[in-house]
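Visitor: I'd like to learn how to read a structure like this one. Could you walk me through a feature or two?

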Amino acid sequence: MNRLLLALVVALALTACSKEEAPPPKAAASKPAPERAPGDPKAGQKLADAQCKTCHGADGGAVAPGIPHLAAQRETYLLAALKAYKEGKRAHAALKVIAEHMSEADIRNVSAYYAGLPPVGIVHAAKDVHATPYERGKSRIAACVKCHGEDGNAGAAGIPSLAGQQANYLIIALQEYVRGERKSGPTHSAMRELTPVDMEAVALYFASQTPGQRTPPQNVDPGAGAQLSAVCSGCHGVQGIAADSATPNLAGQDFNYLVDAIKAYRTTRKREKMRLYITGLSDADIRNVAGFYTMQKSRPSERGQTMVRDLTDKCDRCHGAGVELPGMPVPKLRGQDRDYLMMAIRAYRDDRRESTTMHKMSLPYGDSIIESIANYYSGQPAN
Ligand code: HEC
Ligand code: HEC
Ligand code: HEC
Ligand code: HEC
């Protein structure tokens, strides 16, 4: 009996749920059965050439962006992925049909084949790909710096500083300007050229800057302001630094801007909650509370410059080279197709692909950060 046939017979004998129930061969009984039958890479190659090559390439490197490379992927993960498609746990129309037609032995063989191939080379990133969302944000602010400052610290009275501001609040503000929901002059027309990913990146860039210290404004009573701020602190934080990233920090903000902004909630700015809290304030109260917040020390609310590195360090606790987690098949990410990685992470985040672990991991991240993580991993040599 040739090796291929022998492997097939042994494999069949060990798969209880296989359709073709073959009687166990005598030879198999003499040896203790292994935990899992090893796949036969040669048989796997035959199947791959016939059914997978058109998409996953002759060398296990994907033929188009958005398709995962399979070469050198972990065998345990490939097995788990194909089973997940077969059982409908992972939704993908084509792969479900393909996997349904594969026997358990086919799955083992093809997994062994792809896992044994050398990794594909790195495809170099396109021109407009920035290493981090921070870099991308920095490249999109040319139209903003004359008013808001290169580092987000505005110089002129009445113009808000963006340095250290909460990232999600900035994103909301940008979207409201673009949609015309927040009143503004022609000053913000350049924002219309920003894509949603750019907006996130610009927000992250400014949020990561260090706010400067303000000089005390004239003719205000910050002590009285501190007392008035008690009702504000539940949302804006005791010292004007909000705990929630969608609520703006007020600490270190420009005095005139704060006065204007508070008054704007009486008229043009629509936010019922804010209106409720400021209706009782006199003009003098507004100046005092604004004065109190202006003098509070602020700090960066994000760490954009190091964020992607910090994050991938976290990811590598499971996805790192040589990390083996018993009972948890973890895929390799280094050298994987960039578009596929972005799609996969977004699918976990948006609950379109099932994995409690990965859903939790990806939930906090916007598309610009996901893009940067994908840039990072796709640009690393496969391990
Ligand atoms: C029509 C194109 C196409 C063909 C043919 C195809 N695949 Fe795929 N494959 C894909 C795409 C696209 C994905 C990503 C699907 C998703 O998002 O879940 C994928 C995903 C996979 C994955 C999961 C990889 C990962 O990193 O999670 C495995 C394993 C796989 N395919 C194996 C195979 C095998 C084995 C065959 C042949 C028997 C095959 N595929 C045939 C397009 C194809
Ligand atoms: C001509 C000066 C000027 C330019 C240029 C400008 N801004 Fe502004 N920006 C302002 C002023 C004034 C305000 C406050 C009044 C308002 O809402 O329009 C403001 C408000 C903002 C706010 C809301 C801040 C808050 O605390 O609510 C954001 C965010 C912002 N700008 C971002 C940008 C971005 C991004 C650009 C570049 C695409 C830009 N701005 C260009 C003057 C400017
Ligand atoms: C229930 C929570 C809550 C309370 C209490 C609250 N705020 Fe706010 N505040 C918000 C939110 C949310 C926003 C952002 C609204 C928006 O997008 O316009 C905001 C916006 C602001 C702004 C505009 C900041 C900017 O950068 O444009 C100022 C100024 C402000 N609040 C001052 C105050 C003061 C002063 C008080 C207390 C008298 C107060 N807020 C109480 C939730 C609150
Ligand atoms: C606690 C362990 C753990 C951590 C930490 C973790 N992952 Fe995962 N990851 C997994 C597991 C397990 C899977 C396989 C889930 C499945 O079967 O779909 C996975 C799958 C993935 C996939 C799908 C790859 C493919 O080939 O389809 C991507 C992409 C991914 N993780 C990215 C990340 C990123 C980015 C981070 C860091 C922000 C991260 N992971 C952190 C355990 C982890």
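Visitor: Let's start with helices α3 and α7. Which residues in α3 meet which in α7?

Guide: Keep in mind that this is a predicted model. From α3, the residues in the contact are Pro41, Ala43, Gly44, Gln45, Leu47 and Ala48. On the α7 side they meet Asp106, Asn109, Val110, Ala112, Tyr113 and Tyr114. Sorted by class, this contact has eight nonpolar, three polar and one charged residues.

Visitor: And how do I describe the way two helices pack?

Guide: Two packed helices are described by the angle between their axes and the distance between those axes. Here, the axes of α3 (residues 41-51) and α7 (residues 104-116) come within 7 Å and cross at roughly 95°. Angles of 65 to 115 degrees count as roughly perpendicular, so α3 is roughly perpendicular to α7.

Visitor: Now the ligand. How many residues surround ligand 3, and which are the closest?

Guide: There are 19 around ligand 3, the closest being Cys232, Cys235, His236, Tyr257 and Met274. By class, that shell splits into 13 nonpolar, two polar and four charged residues.

Visitor: Which tyrosine has a polar side-chain atom 2.5 Å from an oxygen atom of ligand 3?

Guide: That's Tyr257. Tyr265 also puts a polar side-chain atom by a ligand 3 oxygen, at 2.7 Å. For Tyr169, a side-chain N or O atom is 2.9 Å from an oxygen of ligand 3.

Visitor: Which elements give two or more residues to that shell?

Guide: Look at α13 (233-236), α14 (255-264) and α15 (272-278).

Notes
Residues numbered from 1 in each chain as written. Chains lettered and ligands numbered in written order. Predicted model: local features only at pLDDT ≥ 70, side-chain atom pairs only at ≥ 80, totals over all residues. Heavy atoms only, no water. Near = heavy atom within 4 Å. Polar contact = N/O pair within 3.5 Å; in protein donor to acceptor, adjacent residues only side chain to side chain. Helix = DSSP H or I, 4+ residues; strand = E, 2+ residues; numbered from the N terminus. Nonpolar A, V, L, I, M, F, W, Y, C, P; charged D, E, K, R; others polar. Axes fitted to C-alpha atoms, helices over the stretch in contact; angles between N-to-C directions. Parallel < 35°, antiparallel > 145°, perpendicular 65-115°, else oblique. Contact = heavy atoms within 4.5 Å.
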